[in-house]
Amino acid sequence: SEKHNYGQQNNPAAEKTVGSLAVAMRMQNMVKNMERWIQSQQYRKWDLHSLKLQPLSPVPSDIEISRAQSPKAVDVLAKEIGLLTDEIEIYGQTKAKVRLSLLERLKDQPDGKYVLVAGITPTPLGEGKSTVTVGLVQALTAHLNINSFACLRQPSQGPTFGVKGGAAGGGYAQVIPMEEFNLHLTGDIHAITAANNLLAAAIDARILHENTQSDKSLYNRLVPVVNGVRGFSAIQLARLRRLGINKTDPKTLTEEEISKFVRLDIDPSTITWQRVVDTNDRFLRKITVGQASTEKGFVRQAQFDIAVASEIMAILALTTSLQDMKERLGRMVVANDKKGQPVTAEDLGVTGALAVLMKDAIKPTLMQTLEGTPVFVHAGPFANIAHGNSSVLADKIALKLVGEKGFVVTEAGFGADIGMEKFFNIKCRASGLVPSVVVLVATVRALKMHGGGPNVTAGAPLKKEYTEENLQLVADGCCNLQKQIQITQLFGVPVVVALNVFKTDSPAEVDLVCKIAKESGAFDAVPCNHWSAGGKGAIKLAQAVEKAANQKNSFKYLYSLELPIIEKIRIIAQKVYGAQDIELSPAAQSQVDRYTRQGFGNLPICMAKTHLSLSHQPERKGVPTGFILPISDVRASIGAGFIYPLVGTMSTMPGLPTRPCFYDIDLDPITEQVKGLF
């Protein structure tokens with residue numbers, strides 16, 4: 001051996017050969033690693049263990065079904081869908097936050113297909129969009145072995161304890177555990193409430209301090225001497241730059257510059273930022289603040305909104321990164337100053353603090369369906385008073401995780417005239433994503449209502465017209481379905497109608513709806529039984545969606561952002577709602593003029609309108625025509641990035657009915673099980 005080595009050391013040719021061999025092996029390893037990396041980036045079918053369902057008849061309550069299924073541990077699910085250990089933060093056994101770093105890791109991975117679930121104009125009971133969303137992904141992944149993700153909104157606790165109940169889907173198509181989904185989840189709504197109310201407190205406190213102190217004393221308190229040193233904080237330096245004062249030493253400001261710096265001069269009558277709470281509390285719709293003697297008589301009228309109506313919720317749903325969220329939070333306009341200029345959260349110096357409160361809320365929460373397929377729950381803006389869609393970030397992460405041949409199914413609130421229109425014109429502009437298919441959910445019950453059936457009231461038993469066969473009512477009501485198909489076609493996306501079947505629907509009624517839908521331009525129309533059968537009952541829908549996703553897609557926005565605000569509102573009113581024209585109140589007109597003057601005219605429009613009719617009058621069913629749409633007020637969510645006109649009287653704080661859901665909700669003190677949620 002020694003001889004052998006000695007010989008090699010004195011043999012340049014041998015050394016050269018060994019060197020070349022080492023280089024060749026290194027190259028080979030590099031190629032192998034590169035191939036392995038490319039494979040890891042390419043589409044791969046998940047090795048996902050789906051949970052078996054054994055549907056019972058009659059179908060038990062949602063909470064009994066949820067409790068009868070044992071969910072997988074969330075870290076197991078995360079591993080199955082390709083998440084790395086350091087990309088998840090686990091909350092308990094069944095929920096995990098997913099870190100945004102994943103987007104960087106998978107940035108070269110092609111996106112999957114993007115499916116939106118919308119609906120016809122609903123009854124007050126809702127027509128089952130969440131249930132269809134969950135049933136569809138259970139069918140795709142647990143039955144057809146196609147990677148798929150559902151992206152849902154987090155429900156507000158207002159409706160959970162009010163009339164509507166939870167929003168986890170229903171029957172054998174739901175997110176589990178449903179009580180965790182419907183209650184605090186991972187605390188995102190609480191974070192939004194804290195951030196929103198910190199900003200509200202900052203506004204009133206700032207007005208009080210400016211009204212009771214001289215420029216000098218405000219300056220001394222805003223820029224104090226700490227350990228003998230006086231310096232501006234980073235956010236104060238940014239404010240100085242915006243004011244055109246390029247100084248960094250507090251001692252060098254002139255009296256005029258000090259005055260400009262310390263005085264926001266907020267006009268209290270222009271404050272648009274309200275406090276929020278996640279409870280249906282009608283007595284907070286109009287309140288008076290500042291009545292304690294310590295507030296020196298600075299009393300003003302204010303109100304509370306429900307937490308999910310906060311602009312911070314809309315920002316969470318539309319943001320694309322932590323940096324983007326921080327910038328959006330800073331841009332939020334909370335009032336005007338006495339010269340009519342906008343005052344922002346950044347001016348109040350609170351942007352960094354808001355970002356800190358929201359740093360965990362920005363991460364989507366991973367959960368699972370009854371059949372063990374993945375779900376993201378993230379953000380929950382209402383669709384009638386905000387844009388009504390789950391988050392851009394959840395969709396983007398899910399599209400990377402499912403891979404090129406996979407599907408991401410997300411849902412837009414209420415009818416296609418509201419949630420879907422905002423999904424296309426607001427959410428798709430923010431994300432840059434293009435939807436492949438729209439699934440339009442209809443029920444025989446809602447179609448009969450549109451055909452002239454009696455009123456449907458939450459909590460009251462359905463009249464016989466809804467439980468017995470009535471083909472004439474169904475045929476007459478299909479006008480609403482036809483109109484919603486036409487609205488979808490305005491955006492150039494193929495539409496599949498999903499008829500959510502109830503046990504009282506007759507086969508003839510079901511066939512009639514599917515026939516009319518196909519004749520009206522739907523790519524396909526499919527009856528679905530996922531509520532009673534789980535994913536198995538939505539297999540035909542999944543196959544129709546897969547086919548439709550391969551159709552030519554000519555997606556387009558409804559209006560150009562460059563158009564004047566009023567013109568954009570008119571286009572939505574006429575093309576989507578079917579209005580003859582719009583009519584602005586003097587207050588609405590002056591707000592439009594102000595926002596245009598302030599440079600906010602190029603934002604998309606987010607209409608705040610009833611979801612119970614295509615028009616502004618909830619009692620007008622079917623397809624109303626010839627109406628003038630009244631715009632009572634126009635507000636702006638500059639951080640979220642939209643202008644929102646209020647149609648008629650829209651409340652941003654729901655109330656409790658005579659008999660709220662909370663009468664049925666209870667806790668077993670021995671097992672700690674929640675009862676009565678639905």
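Residues are numbered from 1 along each chain as its sequence is written, and side-chain values use heavy atoms, with hydrogens and water left out. Because the model is predicted, local features need pLDDT of at least 70 and side-chain atom pairs count only at pLDDT 80 or more, while totals for chains, interfaces and linings use all residues.

The chain is assigned domain 1 (62-186 + 360-453 + 463-550), domain 2 (189-357) and domain 3 (565-646). These bounds come from an automatic or database domain assignment. Between domain 1 and domain 2, the C-alpha centres are 38 Å apart. Their contact (heavy atoms within 4.5 Å) takes 27 residues from domain 1 and 20 residues from domain 2.

A cavity is a set of points where a 1.4 Å probe fits but cannot get out. A pocket is an open set with protein on both sides within 12 Å along at least five of seven lines. Lining residues have an atom within 4 Å of a point. Grid points are joined across faces, edges and corners, and a volume is the space filled by probe spheres set on the points.

The structure holds 1 cavity of 30 Å³ or more.

Helices (H or I, at least four residues) and strands (E, at least two) are DSSP runs, numbered from the N terminus. The largest share, 4 residues, comes from β22. The lining divides into 17 nonpolar, 13 polar and 8 charged residues. The second largest pocket lies between domain 2 and domain 3, because both give residues to its lining.

For C428, the nearest cysteine sulfur is that of C151, 13 Å away. C428 is buried, at 0% relative accessibility. Buried means under 20% relative accessible area, exposed over 50%, and partly exposed in between (1.4 Å probe, protein chains only). The sulfur of C514 is too far for a bond, since the closest cysteine sulfur, in C528, is 8.4 Å away. C514 is also buried, at 9%.

Two loop residues were examined. K338 sits in the loop between β13 and β14 (342-344). K338 is exposed, with a relative accessible area of 55%. Not counting residues up to four places away in sequence, K338 touches D265, I266 and D267. From K338 to G537, the C-alpha distance is 61 Å, across 199 residues in sequence. D108 belongs to the loop between α5 (101-105) and β3 (113-119). D108 counts as exposed at 53% relative accessibility. D108 and K400 are 292 residues apart in sequence, yet 8.9 Å apart in space, C-alpha to C-alpha.

Technical notes:
A disulfide is a pair of cysteine sulfur atoms within 2.5 Å. Ala, Val, Leu, Ile, Met, Phe, Trp, Tyr, Cys and Pro count as nonpolar, Asp, Glu, Lys and Arg as charged, and the others, Gly among them, as polar.
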